[in-house]
Amino acid sequence: SVVDALERIVRQEGVSSLWRGSWLTVNRAMIVTASQLATYDHVKEILVAGGRGTPGGIGTHVAASFAAGIVAAVASNPIDVVKTRMMNADKEENYGGPLDCAVKTVAEEGPMALY
């Protein structure tokens, strides 16, 4: 159960482990939101200005949403990878922070490891 899982985590790793990676989650949310909103608005403006869509047209919304989703995924995936690695890291695999984790990941596996 959830209660059993929480008890085990606290007992084995300490209370602070419940929040491991949470600030990376907040940073990821900021990047996803910023990239999605900016891309959606920009693509919609380009489509409407170029005569390829209307401001309220379904095709315009779908195209702008599709582009925004792709940009958000590309922008946030490296943070997801680093967050997951830091959250799942063993005690002997201690990272000095997210930048250290990203540098080690790229050095050991190449830049595509972030995707």
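Visitor: Which residues of α4 are buried, and how do you know?
Guide: They're Cys101, Ala102 and Thr105. Buried means under 20% relative accessible area, exposed over 50% and partly exposed in between, using a 1.4 Å probe and protein chains only. These three cover an arc of only 95° around the axis, so they sit on the same side of α4; the arc is taken from the directions from the helix axis to the C-beta atoms. The face turned away from that buried side carries the exposed Leu99 and Ala107. By the way, this is a predicted model: local features need pLDDT of at least 70, side-chain atom pairs count only at pLDDT 80 or more, and totals for chains, interfaces and linings use all residues. Residues are numbered from 1 along each chain as its sequence is written, and side-chain values use heavy atoms, leaving out hydrogens and water.

Visitor: What makes α4 a helix, and where does it run?
Guide: Helices are DSSP runs of H or I with at least four residues, numbered from the N terminus. α4 covers residues 98-109 and has 12 residues, so it passes that cut-off.

Visitor: Why is Thr60 called buried?
Guide: Its relative accessible area is 4%, and the cut-off is under 20%, so Thr60 counts as buried. Thr60 is found in helix α3.

Methods:
Helices (H or I, at least four residues) and strands (E, at least two) are DSSP runs, numbered from the N terminus. The expected span of a helix is 1.5 Å times one less than its number of residues.
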